[in-house]
Amino acid sequence: VKLDSVGSVIDIKTGMIYPMLANGGYDKEMGVHLEDCCDEWLYSLDDKDREIVESVFQSHKNIEK
């Protein structure tokens, strides 16, 4: 799912975040897990993208239990 406000793509199944490329794709080699994202990145999310990220975070928290 594209997160346009931060120029990233999130894999909702794994919680991995990847940089979005100019052509709309993403860099599969530069992924970072949602739990490892810095505060600055999280604060940069717009409301729509924040809802997506929070939903993915919650679903992964529930899976770990």
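At 1% relative accessibility, D49 counts as buried, where buried means under 20% relative accessible area, exposed over 50%, and partly exposed in between (1.4 Å probe, protein chains only). The model is predicted, so local features need pLDDT of at least 70 and side-chain atom pairs count only at pLDDT 80 or more, while totals for chains, interfaces and linings use all residues. Residues are numbered from 1 along each chain as its sequence is written, and side-chain values use heavy atoms, with hydrogens and water left out.

The side chain of D49 meets that of K48 in a salt bridge, at 3.9 Å from N to O; the term denotes a side-chain nitrogen of Lys or Arg within 4 Å of a carboxyl oxygen of Asp or Glu. The structure holds one salt bridge. K48 is exposed, with a relative accessible area of 52%.

The count of disulfides (pairs of cysteine sulfur atoms within 2.5 Å) is zero. The sulfur of C37 lies 7.0 Å from the closest cysteine sulfur, that of C38, which is too far for a bond. C38 is accordingly in no disulfide.

The accessibility of individual residues is listed below.

| Residue | Relative accessibility | Class |
|---|---|---|
| C37 | 13% | buried |
| C38 | 44% | partly exposed |
| E51 | 58% | exposed |

E51 belongs to helix 2, residues 47–64; helices (H or I, at least four residues) are DSSP runs numbered from the N terminus.

Key
Helices (H or I, at least four residues) and strands (E, at least two) are DSSP runs, numbered from the N terminus.
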